Amino acid sequence: QALDSACAAYAEGDGLWPALPAEDRILALERFADRIAPLREPVARLIAWEVGKSLSGSLAEFDRTIACLRETAQEARELASQWEAERSRGGILARVGRRPLGVALCLGPFNYPFNESLATLAPALVMGNTAVLKAPRIGRLCLAAILEPLRQAFPPGVVNVIFGGPELASALM
């Protein structure tokens, strides 16, 4: 169902999300970062409790993730002006465009469940892809804590989070 939802939202590149201007997708990612920033302490505690990381290490993972989301948005904004640029080389004029590829499967490891999961998700989203985010078997609670901000920041079907064992990732691939 998660994969079907992501495919429907992508709609072979004609869905709402891939058709949005890059700036709108970037703003959605920034809104998501703004929505999860206040969850720093509770998410870090979930990481520490479930993964066995120190609280300071868990706070650092959360902070690194917020920075990654914001840096991804900023980098995408800087690149967006080049996405549809006309270029000339050797007397040939060309229009170069970048397009999303489809549905991304984002997998985070148990030892950095928050950071690595969202660090794979962010670039896929700003490029216009939809995603299935498979939470790690150990370390899933921190992702469960951000389901509502994900729902608020992105249109239906754009980000689909699934929980389960390794059999899910194999089936999705």
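1. Let's start with the salt bridges: this structure holds 8 of them. A salt bridge here is a side-chain nitrogen of Lys or Arg within 4 Å of a carboxyl oxygen of Asp or Glu. Keep in mind that this is a predicted model, where local features need pLDDT of at least 70 and side-chain atom pairs count only at pLDDT 80 or more, while totals for chains, interfaces and linings use all residues. Residues are numbered from 1 along each chain as its sequence is written, and side-chain values use heavy atoms, with hydrogens and water left out.

2. Have a look at R40. It forms a salt bridge with D63, with 2.7 Å between the closest N and O atoms. R40 sits in helix 4 (residues 40-51) and D63 in helix 5, so this pair ties together parts that are 23 residues apart in sequence. Helices (H or I, at least four residues) and strands (E, at least two) are DSSP runs, numbered from the N terminus.

3. R40 also pairs with E41, and there the closest N and O atoms are 3.9 Å apart. For the labels, buried means under 20% relative accessible area, exposed over 50%, and partly exposed in between (1.4 Å probe, protein chains only).

4. Now compare that with the bridge between E61 and K53, whose closest N and O atoms are 2.5 Å apart. Is E61 buried or exposed? E61 is buried, at 0% relative accessibility, and K53 is buried too, with a relative accessible area of 18%.

5. E75 is another one to find, in helix 5 (residues 55-83). It is partly exposed, with a relative accessible area of 43%. The C-alpha atoms of E75 and V126 are separated by 10.0 Å, although the two residues are 51 apart along the chain.

6. Zooming out, the chain has 9 helices and 5 strands. From the N terminus on, the order is α-α-α-α-α-β-β-β-α-β-α-α-β-α. Of the 173 residues, 42% count as buried.

7. Last, the overall fold. Among contacts (heavy atoms within 4.5 Å) between residues at least 6 apart in sequence, 74% join residues at least 24 apart. The C-alpha trace spans about 60 × 35 × 30 Å along its principal axes.
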